[in-house]
Amino acid sequence: MDFSRLVSYYERLEATTKRLEMRDILTELFAEAEPREASRIAYLTLGELYPAYVGVELGMAEKLAIRALKMVTGIDEGKIEESLRKTGDLGLVAEKLLSSKKTQMTLSLEPLTVERVYSQLERIAKFTGEGAMEMKVKTLSGLLAQASPKEAKYLIRLVTGNMRMGVADMTLIDALAALKGGGKEEIERAYNLCSDIGLVASTVKEHGVEGVAKIGLRVGIPVRPMLAERLTSAQEILEKLGNTGFAEYKYDGERMQIHKADSELMIFSRRQENITSQFPDVVEMCRRGLAAREAIVECEAVAYDPETGDMLPFQELMHRRRKYDVEKAAQLYPVSLFFFDALYIDGEPLIDLPLLERRKRLSQVLESSDNFRLTEGIMVSDPDSLDRFMLKAVEEGCEGVMVKDISPKSIYRAGARGWLWIKYKRSYVSKLTDTLDLVVVGAFYGKGRRSGRIGTLLMAVYDDEADVFRTVCKVGTGFKDEDLEHLTQTLTPLAQKQKPARVESIMEPDIWTRPEMVLEIVGDEITLSPIHTCGWGAIRSDAGLAVRFPRFTGRYRSDKSPEDATTVNEIIELYKSQLKVIAGGGEGEPT
Ligand code: ATP
């Protein structure tokens, strides 16, 4: 396929924010593509080159892209930067520059194909070491020299990691299903098991839904994690689970999916990144303690104080997120591993077995010690014992408990947030609300001491049905000076002049930011609001929902993608549960 053809589809995608329209456009696009092209297109459309676990990213600094533009157009870097400041989109700047008469003469070469663009982008991403920057600039300028103005717009957006079309992985899955007239469940299942949208797209094209249904678990390939719903009372939880459940401590650490194949060990994060090199101690512990030749198991890694053995909060673990001095960090911030699931052991996939059977298999392969063992857990069937267990968990440094379904249908549902697992967290600040993970979508400049710097953020929740982000509060409290410094630095590259395609907002911040950064926020309660779009019309036709008195907890949820943030439905449920607590009297103290 010619790249110009793909670009014509991208133009159509950019012109709409409606998910159904996007799906239809993508279905047409996939219909035209060869299997291998379908895989390339799936990655490129998400602004990626490979699945996350490969760990090769495209993101090229804007400064380098500007140098490449200079090489092709002869126009001064200063001038290009100036146009960038005006438009906020280097893609548009590139389109304009290449449309200008002076550069037209360079456009007579043979047309670019999707394959060529993809392979050149691969080269750009992979250059490392000395001279890498020069090579990246040269390769990009080679592509730009062959590109039409419209093609240049998307090449620049691709290399700088700024696709702006608002297409999410689930929309691609919908499009692939529409192409085959069904099979969404099989396609989604395959994606959740292999975490590779390109593989799924090419398999659908080549072998149809039947072929995709054969994609299964593989040691070394991360599985998208099963996730929990939340409720705020022990009684509701037990009712939801048919009066009995298995309650486990909800440890305050980082989720790890451990893959073992003979002596080889890999650790994947909640977002399927390969984080093995950061945790040599975990690798060693699993080599010694996992008595299986092959396994995929999940645990929560929690930092502990080596002097007292007490568990430490999540923030301490963030010291382990580094590239250098990992051995030293492992000594300073050691971790305990608490295992809660087994997906595969020695040739046998376990994901379709019920929870307690999986837990039994897991216990059989763990050579346990104080720092390497199963999660603490008990069977519960009355609210009082669940509440007592919860208090004990919190006293011991946990966030709360996870209460899990134990019925025969309690399988491991990869990639799904559902009612088979229910989290029950006690907020540290107020009984009414739990902590929320919100996405930054805009920012306001500060006043007084904070003037010229970002002072307040516009925060949003994720609407997983419409695949958009809806605002839910402005937060300006809880930030230390170093947080504001860090936020200004991190958010500046995400800034854009216009509202991002996937953001729904009535408020206009000073700058918009691409929805990427997730922060943990606590608030006092959820209230009706005429200015926030979260849950608009769900409770009252002319109002949305907002978080009252929000403050930053100090926790950057870099382990979460924006689509993993708190959802609109969760906020609606929280709002309703507050009403119940107030009506029930005394169970919670509204602040
Ligand atoms: P949170 O923001 O509350 O950590 P989350 O969105 O990351 O939640 P949830 O599905 O809401 O994910 O909660 C499950 C998370 O809790 C898991 O991803 C895991 O990291 C952690 N966890 C801690 N203890 C357990 C446990 N016993 N069983 C399952 N998950 C646990």
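Entry 1: I began at the ligand and found a polar side-chain atom of Glu300 lying 2.6 Å from one of the ligand's oxygen atoms. I noted for myself that this is a predicted model. Next I looked up Glu248, where a polar side-chain atom lies 2.9 Å from a nitrogen atom of the ligand. At Ala228 I found a backbone N or O atom that lies 2.6 Å from an oxygen atom of the ligand.

**Entry 2: how well covered?** I then asked how much of the ligand the protein buries. Taken alone, the ligand exposes 590 Å², and the protein buries 97% of that. I also checked where the ligand sits, and the place is the largest cavity.

**Entry 3: the shell.** Which elements give two or more residues to the shell around the ligand? I listed strand 1 (227–230), strand 2 (245–250), strand 10 (400–404) and strand 11 (417–425). Strand 11 gives the most, with four residues. I count 20 residues around the ligand, and those that come nearest are Ala228, Arg255, Glu300, Lys423 and Lys560. Sorting the shell by class, I got 12 charged, seven nonpolar and one polar residue.

**Entry 4: domains.** Why does the ligand lie between domain 2 and domain 3? Both of these domains give residues to the shell around the ligand, so it lies between them.

Technical notes: Residues numbered from 1 in each chain as written. Predicted model: local features only at pLDDT ≥ 70, side-chain atom pairs only at ≥ 80, totals over all residues. Heavy atoms only, no water. Near = heavy atom within 4 Å. Polar contact = N/O pair within 3.5 Å; in protein donor to acceptor, adjacent residues only side chain to side chain. Areas by Shrake-Rupley, 256 points an atom, 1.4 Å probe, with all protein chains shown as cover. 1 Å grid on protein atoms, 1.4 Å probe; cavity = no way out; pocket = protein on both sides within 12 Å on 5 of 7 lines; lining within 4 Å. Sits in = over half its atoms within 2 Å of the grid points. Nonpolar A, V, L, I, M, F, W, Y, C, P; charged D, E, K, R; others polar. Domains from an automatic or database assignment.
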